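Here is a short briefing on one protein chain. Look over the sequence and the structure first, then read the points below.

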Amino acid sequence: MKVKDAVIYDISAVFEDETVETVIKLLSRQNLSGVPVVDHDMRVVGFVSESDLIKALVPSYFSLLRSASFIPDTNQLIRNVVKIKDRPVSDFMNKPPVVVKEDDPLIVAAYYLIRHGFKSLPVVDEAMQLVGIVRRIDILRVVSEGKLEI
C-alpha cells in the first residue's frame, strides 16, 4: 500500500507569515489538530499543531508537570496568548517539515506519525509542493478496509 491510497486532497494550509491568532481560529473552526505551513509557492516549509502552540504559551509546562509542586495557572496561558497572537506561525512551527510523498509506502507514513507523535503529515510532490495530508485514522481506515466490519 502507498501513501496515495490514504491521502486527503481537500485540505487547509497556512502561509508562514500568518499570525498565531489566525491559525488558532482556523484550527478551531475546522476542528483540526494541525496544518501544513507553506510558502507563497505552496512548498511545505513546516507544520504547526495545537500542541506546538500550547507549548509556546507555556514553554516549560511539560517539564513542570513532572514536578509535584506544580500548580497550573490559567492566567499565564491567557497572558501568553496575548503576547504571541500577532507573531507569525513560522516562529512556532516544526521545521524542517516531516513529509511523505504519494508513492512512499504507507508504512513509512505510519512510522513517521508514531515516531514523531504527529496526528497528520503533509504529502508533497517532488518540488515539496503540498498535495494533501495523511492522518493516522486514514491509515487505519485503508489497512482495515474489508478486514473489519465498520
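Helices (H or I, at least four residues) and strands (E, at least two) are DSSP runs, numbered from the N terminus. By that rule, the protein chain has 6 helices and 6 strands. This is a predicted model: local features need pLDDT of at least 70, side-chain atom pairs count only at pLDDT 80 or more, and totals for chains, interfaces and linings use all residues. Residues are numbered from 1 along each chain as its sequence is written, and side-chain values use heavy atoms, with hydrogens and water left out.

**Confidence**
- pLDDT is the predictor's confidence in each residue, from 0 to 100.
- The protein chain has a mean pLDDT of 88, and 87% of its residues reach 70 or more.
- Among the elements, helix α3 (residues 61-65) has the lowest mean pLDDT, 60, while strand β4 (residues 100-101) has the highest, 98.

**Overall layout**
- Along the sequence, the pattern runs β-α-β-β-α-α-α-β-α-β-β-α.
- Buried means under 20% relative accessible area, exposed over 50%, and partly exposed in between (1.4 Å probe, protein chains only).
- Of the 150 residues in the protein chain, 34% are buried.
- Contact means heavy atoms within 4.5 Å.
- Take the contacts with a separation of 6 or more: 58% of them join residues 24 or more positions apart.

**Helix α6**
- Helix α6 covers residues 136-144, and its buried residues are Asp138, Ile139, Val142 and Ser144.
- The cover over these buried residues includes α5 (106-116) and β6 (130-135).

**The cavity**
- On a 1 Å grid over the protein atoms alone, a cavity is a set of points where a 1.4 Å probe fits but cannot get out; lining residues have an atom within 4 Å of a point.
- Grid points are joined across faces, edges and corners, and a volume is the space filled by probe spheres set on the points.
- The structure holds 1 cavity of 30 Å³ or more.
- The largest cavity has about 40 Å³ of space.
- Its lining consists of Phe47, Asn94, Pro97, Val98, Phe118, Ser120, Leu121 and Pro122.
- Strand β5 (residues 120-124) gives the most to this lining, with 3 residues.
- The lining has 6 nonpolar residues, 2 polar and no charged.
- Here Ala, Val, Leu, Ile, Met, Phe, Trp, Tyr, Cys and Pro count as nonpolar, Asp, Glu, Lys and Arg as charged, and the others, Gly among them, as polar.

**Ser120**
- Ser120 lies in strand β5 and is one of the cavity-lining residues.
- Ser120 counts as buried because its relative accessibility is 5%.
- Beyond its neighbours within four places in sequence, Ser120 is in contact with Phe47, Leu113, Ile133, Val134 and Arg135.

Terms used:
On a 1 Å grid over the protein atoms alone, a cavity is a set of points where a 1.4 Å probe fits but cannot get out, and a pocket is an open set with protein on both sides within 12 Å along at least five of seven lines; lining residues have an atom within 4 Å of a point.
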